[in-house]
Amino acid sequence: MGRKLLLDKAHIEGIRYFDVYRKNGGYAAAEKALKSMSPDQVTEEVKKSGMRGRGGAGFPTGMKWSFLAKPEGVPCYLVCNADESEPGTFKDRYLMEFLPHLLIEGLLISSYALGANTTYIYIRGEYAWIPDILEEAIAEAHKNGFLGKNILGTGFDLEIYVQRGAGAYICGEETALIESLEGKRGTPRIKPPFPAVKGLYQCPTVVNNVETLAAIVPIINIGGDEYVKYGIGKSAGTKLISACGNINKPGVYEIEMNISVEEFIYSDEYCGGIPNGKRLKACIPGGSSVPIVPANLLLTTAKGEKRMMTYESLNDGGFATGTMMGSGGFIVLDEDQCVVRHTLSLARFYHHESCGQCSPCREGTGWMEKVLKNIEHGKGKMSDIDLLWDIQRKIEGNTICPLGDAAAWPVAAAIRHFRDEFEWHVLNPDEAQRRNFGLAHYADPLPVAAAV
Amino acid sequence: MAVQFSEEKLNKVKEIIARYPAGKQKSALIPVLHLAQESFGGWLSADTMDYVAGLLQIEPIEVYEVATFYSMFNLQPVGKYLFEVCQTGPCMLNGSDDIIHYIKEKLGIKVGETTPDGLFTLKTVECLGACGYAPMMQLGKFYKEHLTKEKVDQIIADCRAQANN
């Protein structure tokens, strides 16, 4: 069994409630931080832990905190990004539904480290029942002296508010989130200035993902030096992976970042293999924006090494042969899935979610969807494949925010690795309406019987 | 009927505005629009949006901008039960297309339409963060997950029974 730091107590009956959480060691890290550490010491501990932001970009959290400007007389804010909208990702939802106090405790410690007295949790609007859970936990924390004025007699004050979004993927981008929190359309801002200097209400602001903030609790409990011993190298600690698609046991798993992708997919501790004895065709391991890779490159790097569930190993080979850890939204495609159809589905998603601010993304995402629709429905031309490649190239890097890249990469990777499947659709339009291309040469190198 | 929140809802609006620094009451816009949509028939009419603008002391255009940007705000009337079925990648891999097709047949409506009795509206939506429990849909405040045809039948029957009560 892999070691756990976040979900180790998730199975305890009633852990959602303050008393049970407290009885099981909850808020010990908050007491430790507020009573025996200075804010800078907390930040130092987070730096030492080597933890990288769990929202998708993987930027070291301690470093992000140290960028926060602290001008005199200006409040600063911590904003918890609970907008979780990346297809394949549903881990933050799990944390908030089942361990709300872990997040509240993480927010308390982080706000203390940053000197923020007001913190907002911006949660996607569709998670409409979760604000009730969070607000109940916040009220309990208040009642027990862990929120409000003069927390634990330390003189530190903190209020946490929950804000619902209203359906916009783009609001997961931190400056769009801030705009939305200010009551505007979620259009990303031009950076610089970065939120650390001018964020919410033009005040210094740190925006962190739910899982990142929850992980602050074990970091303070065990210390940064101990935390960094989990995982491998720069992939320090544990990571929540939300596994979905064609697997036997979809769900949220906490992994120590030292297991192989093969183990994650086939072991009974995690995904439990592919249903109905089917074979693995492809996988998007880090949420829909990261490159799709065929089975052979998923399980083994181009260098022939075992691919591990770490930031570095998943990225090994760059985009030519690798992919990314991203948000940990692990989407598995079995041999019967059609890569063209799946790519079309994702292209439609990005078209729908483009905020419309930058032309390459606003126009390009819709264009890609149209071209992919033609190919999928037997009306494609060979030149369409090159056209798709050309469009995605012109979106990538040419937009204010990373949604452009996020829309370009899935299309690029699908063509890069599955070009013959696209060509087959063009050459066999009728047959492509009746059946899928199948596994072809992207053979799962594991015999099915050897799985597990 | 003039658009007007109840006393209780007006207190809720005050409570929401108090979460933000003085003068930043525009931050309350999205929460208050949610409250308005719940209170006034599941959609936002121009009158409703103007009313919200007045409450928050902002221009009506600022409300229209926001209401038209976010997919959860309905700018047209919808049925009593709004089926929002996810069709993005992971749900698609698990048969969301079949579920959407089945609901269309069962209710005799296309995506975006409302049944003549005003009970059901069918919408397709993009990823709702329930990928591991696919296929799924949002129904009001909650998610209906691991959908099958039988489950859809049950949901529709339950809605009908509830509407008749």
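Good morning, colleagues. Please keep in mind that the model before you is a predicted one.

I begin with the overall form of chain A. The chain contains 19 helices and 12 strands. Its radius of gyration is 22 Å; a compact globule of 452 residues would have a value near 22 Å, so the two agree. Along the principal axes, the C-alpha atoms of chain A fill a box of roughly 75 × 50 × 40 Å. Of the 452 residues in chain A, 57% are buried. If we consider contacts in chain A between residues at least 6 apart in sequence, 72% of them join residues at least 24 apart.

I turn now to one pair of helices. Helix α5 of chain A, residues 91-98, packs with helix α9 of chain A, residues 210-222, at an angle of about 50°, and their axes are 9 Å apart. The two helices, α5(A) and α9(A), are therefore oblique to each other. From α5(A), the residues K91(A), D92(A), L95(A) and M96(A) meet V210(A), E211(A) and A214(A) of α9(A). By class, the residues of this contact are four nonpolar and three charged, with no polar ones.

Finally, the interface. In total, 46 residues of chain A are in contact with 35 residues of chain B. The chain A side comprises 17 nonpolar, 20 polar and nine charged residues.

Thank you for your attention.

Terms used
Residues are numbered from 1 along each chain as its sequence is written. Chains are lettered from A and ligands numbered from 1 in the order in which they are written. This is a predicted model: local features need pLDDT of at least 70, side-chain atom pairs count only at pLDDT 80 or more; totals for chains, interfaces and linings use all residues. Helices (H or I, at least four residues) and strands (E, at least two) are DSSP runs, numbered from the N terminus. The radius of gyration is taken over C-alpha atoms; the globule rule is 2.2 Å times the number of residues to the power 0.38. A residue is buried if 20 or more other C-beta atoms lie within 10 Å of its own, exposed if 12 or fewer, and partly exposed in between; C-beta atoms are placed from the backbone. Two residues are in contact if their C-beta atoms, placed from the backbone, lie within 7 Å. Axes are lines fitted to C-alpha atoms, for helices over the stretch in contact, and angles run from 0 to 180 degrees between N-to-C directions. Angles under 35 degrees count as roughly parallel, over 145 as roughly antiparallel, 65 to 115 as roughly perpendicular and the rest as oblique. Ala, Val, Leu, Ile, Met, Phe, Trp, Tyr, Cys and Pro count as nonpolar, Asp, Glu, Lys and Arg as charged, and the others, Gly among them, as polar.
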